[in-house]
Amino acid sequence: MKRFFTKNGMILLSAITAVAVGLCILSAISSGTGFLYNALGVVASPFRAAGGAVSGWVQGVTEHFQSVSDLQARNEELERRVAELEDQLRRAGADSEENQRLRNAMGLRQQRRDFTFASARVVSRSSSNWASTLTLSKGTAQDISIGDCVVDEFGYLVGVVTDAGLNWSTVTTVLDTDSQLGAMVFRTGEIAVAAGDLRLITADRLRLSYLSSESSLINGDLIVTSGLGGYFPAGLVIGSVEDILTDDSGLDRYAIVSPKANVPTVKEVFVITSFTVED
Amino acid sequence: MKQGDLFYRWLFYALAAAVLMAVQSLALNGLRLWGVHPFLPPVLVGAVSACEDRQESLCAAAIFGLACDLLMIAVIPCFYTLTFASAALLAGLIARRLMMPGLLCSTVSALLALLLHGVLYALFLSYSHIVTFPAAAGLIGKEILLSLPLILPVYLLLRPIHLRFRAE
């Protein structure tokens with residue numbers, strides 16, 4: 001039987017090499033999702049969906065047996081947070097009315113944020129520890145395209161669509177080393193870049209770089225998308241500042257950002273298929 | 001050994017690989033320790049290549065790598081084809097020149113496959129991103145620590161297939 005591989009082994013290897021080189025060339029020259037990836041994604045999608053359902057069920061059973069005391073403590077914490085937020089909401093209502101009056105008085109255009117969403121389920125996650133990607137249950141058939149922002153049910157940014165097939169799409173999350181987003185410090189309006197970092201990917205954190213030397217960033221500052229260039233909508237919450245550090249050269253400052261979206265466990269997401277933001 | 005045996009042997013290996021990939025995506029991906037989860041594919045390639053014929057396992061590793069490339073996103077196109085084929089070659093060399101095929105040989109092969117996977121990923125990643133040595137080494141180390149113990153169940157799953165269709 002060794003003869004079979006001695007005779008055909010080289011042919012088999014050559015065929016695999018040809019397919020591999022073909023894939024490399026296709027990937028290099030095509031700007032969107034290649035036909036082969038699209039077709040394979042369509043074929044794999046029912047299996048991914050089934051896998052996702054089983055995995056969700058297992059996770060559900062595990063969560064069911066979570067300690068009651070943990071849940072009680074969490075409930076108390078949430079009740080306290082709701083009270084704080086209700087207080088903030090009351091004050092924000094008054095501020096909003098004042099803002100409206102001033103805008104009218106100055107003849108400024110009304111602020112507007114119109115998003116068109118497509119809901120999707122996370123059917124699988126990247127198996128590699130070196131990347132952070134999600135596969136969604138919807139694709140180009142639901143108007144999802146490459147570059148669309150993906151948020152969770154609270155509107156927190158999860159990532160950006162980087163591959164889209166007929167009934168599937170791949171999201172590169174904010175934690176991935178390939179992720180780079182124009183960001184803004186909500187409190188000060190300072191512009192920076194939020195990007196995934198290999199050192200932080202295992203801690204589920206990202207890096208906020210290109211901070212100015214006069215930056216007045218403090219821990220807890222909210223980081224949102226800047227919307228500069230019009231590629232992504234402005235004002236999507238990325239996360240909050242956890243730590244502010246200086247790099248090894250001692251020249252540049254950067255911040256460690258904890259994403260607001262729970263990327264490792266998110267199950268249901270919303271893809272922003274089109275948007276209009278007027279500030 | 002008959003022609004049919006070859007077909008069935010690799011069919012059973014393919015089925016075992018499918019089962020292990022299902023375990024990876026259903027269970028292991030959620031099993032995070034130090035922010036890392038075990039990664040089975042290099043372990044599987046190392047285990048198979050350590051006990052099978054070098055040319056056969058090279059082809060099988062390349063096909064498995066190609067399947068992984070089509071289903072998973074990597075740093076460059078065909079990253080897994082390249083990595084797993086190289087890992088199979090290394091494992092073949094170890095099994096032929098350094099030690100007798102068995103659990104120890106499979107463990108060493110799996111360790112080298114995991115190491116090769118991590119080092120190549122970091123190298124390709126460093127082409128387009130800033131990759132510091134401590135960050136890459138830390139991730140490789142954690143991945144090896146978590147994945148290598150899985151060689152035992154993988155070996156126990158693959159061993160009966162190898163014994164059943166062993167080349168005379």
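**Entry 1, chain B overall.** I began with burial in chain B and found that buried residues make up 49% of its 168 residues; I keep in mind that this is a predicted model. I then went through the secondary structure, where chain B has seven helices and zero strands, so that reading along the sequence gives the pattern α-α-α-α-α-α-α. The radius of gyration of chain B came out at 16 Å, close to the 15 Å from the globule rule for 168 residues, so I noted chain B as being as compact as a globular protein of that length. Along the principal axes, I have its C-alpha trace spanning about 50 × 30 × 30 Å. I also looked up contacts in chain B between residues at least 6 apart in sequence, and 71% of these join residues at least 24 apart.

I turned to α5 (residues 103–128) and α6 (residues 133–147) of chain B, which pack at an angle of about 155 degrees with their axes 10 Å apart. Because angles over 145 degrees count as roughly antiparallel, I recorded α5(B) as roughly antiparallel to α6(B). The contact is made by residues including L111(B), G118(B) and A122(B) of α5(B) and A136(B), I140(B) and S147(B) of α6(B). I noted the crossing of α5(B) and α6(B) as right-handed.

Terms used
Residues are numbered from 1 along each chain as its sequence is written. Chains are lettered from A and ligands numbered from 1 in the order in which they are written. This is a predicted model: local features need pLDDT of at least 70, side-chain atom pairs count only at pLDDT 80 or more; totals for chains, interfaces and linings use all residues. Helices (H or I, at least four residues) and strands (E, at least two) are DSSP runs, numbered from the N terminus. The radius of gyration is taken over C-alpha atoms; the globule rule is 2.2 Å times the number of residues to the power 0.38. A residue is buried if 20 or more other C-beta atoms lie within 10 Å of its own, exposed if 12 or fewer, and partly exposed in between; C-beta atoms are placed from the backbone. Two residues are in contact if their C-beta atoms, placed from the backbone, lie within 7 Å. Axes are lines fitted to C-alpha atoms, for helices over the stretch in contact, and angles run from 0 to 180 degrees between N-to-C directions. Angles under 35 degrees count as roughly parallel, over 145 as roughly antiparallel, 65 to 115 as roughly perpendicular and the rest as oblique. A crossing is left-handed if the near helix is turned anticlockwise from the far one by less than a right angle, and right-handed if clockwise.
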